[in-house]
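Dear colleague,

I am writing to hand over the structure shown below.

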Amino acid sequence: MIMKKWLFSLVSVLLFAPIAFADNWGFGVKLGLGEDDPKTLNQVLDSVGGKLTEGEGIFGLEVLHEWNLNSDVDKLGLKVGIDIYGENEFKNSSVKITEDFYSFPITLYYKQDYGVQNWSWFAGAGVTFMRSELDDTDETFSKNIVFPHITVGSEYNFTEVFALGIEAKYNINAEIEKEIYALNYKTDRSGLSASLTARFYF
């Protein structure tokens with residue numbers, strides 16, 4: 001319940017911050033796919049049989065701010081977001097295990113913005129705070145980790161306030177390990193993700 005309230009508060013900030021702080025602010029939405037390796041659940045599947053559904057989808061929201069450097073083309077940006085990953089689910093006739101992931105990436109990036117009806121590109125790096133929650137019907141187990149990431153992307157500016165683009169992100173050392181009933185549950189979210197993005201600038 002606390003986690004849900006915290007997520008609601010963060011999403012509210014992401015939705016309304018651009019309105020409160022006009023000029024060089026932006027709000028983004030992204031939808032994509034990312035690496036997902038539920039190592040222990042795969043081992044459970046091999047041992048006892050059943051069905052494992054891997055959650056490779058990603059839905060994200062972000063707020064960003066950009067500062068002009070030497071010209072209107074060169075910009076330095078900072079963005080903060082929330083990414084909600086697809087759920088890993090294992091089940092058979094006797095047990096059901098689900099694993100959910102939320103992450104909060106903070107990224108500093110350099111951008112070359114060529115204006116309306118042109119492509120812009122950006123590249124940056126930062127840190128991601130990720131939370132994993134595993135539910136085995138009887139109890140919920142959670143774990144938080146922090147890891148670095150790098151990102152690169154491009155977007156087409158249809159107007160001064162709207163752009164569509166693509167973005168690639170690489171998570172480094174994003175393996176989560178939880179000790180549950182003397183068993184180490186491991187899921188690895190390291191690796192590449194790719195997303196379609198829509199951004200609105202104010």
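Which strand gives the most to the lining of the second largest cavity? It is S3, with three residues. The rest of this message sets that strand and that cavity in their context.

This is a predicted model, in which local features need pLDDT of at least 70 and side-chain atom pairs count only at pLDDT 80 or more, while totals for chains, interfaces and linings use all residues. Residues are numbered from 1 along each chain as its sequence is written, and side-chain values use heavy atoms, with hydrogens and water left out.

Overall architecture

The protein has two helices and 12 strands; helices (H or I, at least four residues) and strands (E, at least two) are DSSP runs, numbered from the N terminus. Along the sequence the pattern reads α-β-α-β-β-β-β-β-β-β-β-β-β-β. Of the 202 residues, 46% are buried, where buried means under 20% relative accessible area, exposed over 50% and partly exposed in between (1.4 Å probe, protein chains only).

Strand pairing

Two strands pair if DSSP finds at least two bridges between them. Strand S3 (residues 57–68) pairs with strand S4 (residues 74–85) in the antiparallel sense, over 11 bridges. These two strands form a hairpin with five residues between them, and Trp67 stands opposite Leu76 in S4. S4 also pairs with strand S6 (residues 96–112), again in the antiparallel sense, over nine bridges. Here Asp83 has Ser103 in S6 as its bridge partner.

Aromatic rings and charges

Rings of Phe, Tyr and Trp (its six-membered ring) pair if their centres lie within 6.5 Å; planes under 30 degrees apart count as stacked, over 60 as edge-to-face and the rest as tilted. The count comes to seven aromatic pairs. In one of them, the rings of Tyr110 and Trp121 have centres 5.8 Å apart and planes at 70°, so the pair is edge-to-face. Because Tyr110 lies in strand S6 and Trp121 in strand S7 (residues 119–135), this pair ties together parts that are 11 residues apart in sequence. Tyr110 counts as partly exposed at 28% relative accessibility, and Trp121 counts as partly exposed at 35%.

Another pair is tilted, because the rings of Phe162 and Phe200 have their centres 5.3 Å apart and their planes at 40°. It links distant parts of the chain, with Phe162 in strand S9 (residues 162–171) and Phe200 in strand S12 (residues 191–201), 38 residues apart. At 25% relative accessibility Phe162 is partly exposed, and Phe200 is partly exposed at 34%. Ring pairs link Phe162 and Phe200 with Trp119, Tyr156 and Phe158 into a cluster.

A charge sits over a ring if NZ of Lys or CZ of Arg is within 6 Å of the ring centre and within 35 degrees of the ring normal. The charged end of Lys79 sits over the ring of Tyr109, 5.9 Å from its centre, and that of Arg189 sits over the ring of Phe101, 4.3 Å from its centre.

On a 1 Å grid over the protein atoms alone, a cavity is a set of points where a 1.4 Å probe fits but cannot get out, and a pocket is an open set with protein on both sides within 12 Å along at least five of seven lines; lining residues have an atom within 4 Å of a point. Grid points are joined across faces, edges and corners, and a volume is the space filled by probe spheres set on the points.

There are four cavities of 30 Å³ or more. The largest has a volume of about 90 Å³ and is lined by 14 residues, of which Lys30, Glu62, Lys79, Pro105 and Thr107 lie nearest its centre. S4 supplies the largest share of this lining, four residues.

The second largest cavity holds about 60 Å³ of space. Its lining includes Glu62, Lys79 and Tyr109, and S3, S6 and S12 each give two or more residues to it.

The largest pocket has a volume of about 320 Å³. It is lined by 18 residues, with Asn24, Lys75, Asp113, Glu160 and Tyr201 nearest its centre.

With kind regards
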